[in-house]
Amino acid sequence: MISLDISKAFDCILHKGLLAKLLMFGLYQTLITWIARFQSGKSIAITVDGFLSRPHSINSGVPQGSIISPVLFILFINDLISSTSSSIFSFADETYTSSSFSSNPQHLAYSNISLHRNTSTSLLTNDLTNVERLGKDNHVEFDQGMTTQVVISHKITKISPCFHKWL
């Protein structure tokens, strides 16, 4: 199982991109208009040594702590989380993908365990490549330093599949 950490998840949602995706989902125009108003009119300013910059409008991000923000984030990255061949689970900015097989001797000959482990590793590696590509397309970055893997096994010796640059 691999836990993916999305960097600045709620800040990366491009307003126009989200609205376009909501249209593709077939949401009612009144709801999309409400969400557009929810996102519009936001600005930021910086204070340095007591001096305040003039405000700059922003075109990305949803408020953290808002009850609708996790839902909007999931809708925004829906194409990303539906791009894997392995199981994927996501809530807000927490995303996990996994691949499994049974190593029960009744179900699988011992000589095939290594083959199945390598197949699972290859599937997850391909999934990570797809997720990374779609992440770039959506301006979503993954913090590879915070990405972790968990191997659950009955085997006593350590199993440590390598997921290229991810871990």
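In which loop is Ile-77 found? Ile-77 sits in the loop between α3 and α4 (78-81), where helices (H or I, at least four residues) and strands (E, at least two) are DSSP runs numbered from the N terminus. The model is a predicted one, in which local features need pLDDT of at least 70 and side-chain atom pairs count only at pLDDT 80 or more, while totals for chains, interfaces and linings use all residues. Residues are numbered from 1 along each chain as its sequence is written, and side-chain values use heavy atoms, with hydrogens and water left out.

The protein has 5 helices and 8 strands, and from the N terminus on its elements run β-α-α-β-β-β-β-α-α-β-β-α-β. Of the 167 residues in the protein, 34% are buried, a term that stands for under 20% relative accessible area, with exposed meaning over 50% and partly exposed in between (1.4 Å probe, protein chains only). The accessible surface comes to about 10800 Å², and 59% of this belongs to carbon and sulfur atoms; such areas come from the Shrake-Rupley method with a 1.4 Å probe, and for residues only the protein chains shown count as cover. Among the contacts (heavy atoms within 4.5 Å) with a separation of 6 or more, 62% are accounted for by residues 24 or more positions apart.

Helix α3 (residues 69-76) has as its buried residues Ser-69, Pro-70, Leu-72, Phe-73 and Phe-76. Seen down the axis of α3, these fall within an arc of 160 degrees, so they line one face of the helix; the arc is that of the directions from the helix axis to the C-beta atoms. Ile-77, in the loop between α3 and α4, is buried with a relative accessible area of 0%. Its C-alpha atom is separated by 9.4 Å from that of Lys-21, although the two residues are 56 residues apart along the chain.

Lys-21 also takes part in a polar contact, in which its side chain meets the side chain of Asn-138 at 2.5 Å. A polar contact is a pair of N or O atoms within 3.5 Å; within protein, one must be able to donate a hydrogen and the other to accept it, and residues adjacent in sequence count only if both atoms are side-chain atoms. Asn-138 has its place in the loop between α5 and β8, and at 7% relative accessibility it counts as buried. Leaving aside neighbours within four places in sequence, Asn-138 is in contact with Cys-12, Lys-21, Phe-76 and Asp-79.

His-139, in the loop between α5 and β8, counts as exposed at 52% relative accessibility.

Most residues other than glycine have a negative phi. His-139, however, has a positive phi of about 60 degrees although it is not a glycine, and phi of Asp-49 is near 50 degrees, likewise a positive value in a residue other than glycine. Asp-49 lies in the loop between β3 (47-48) and β4 (51-52) and is exposed, with a relative accessible area of 71%.

Val-150, finally, is found in the segment after β8 (148-149) and counts as partly exposed at 39% relative accessibility.
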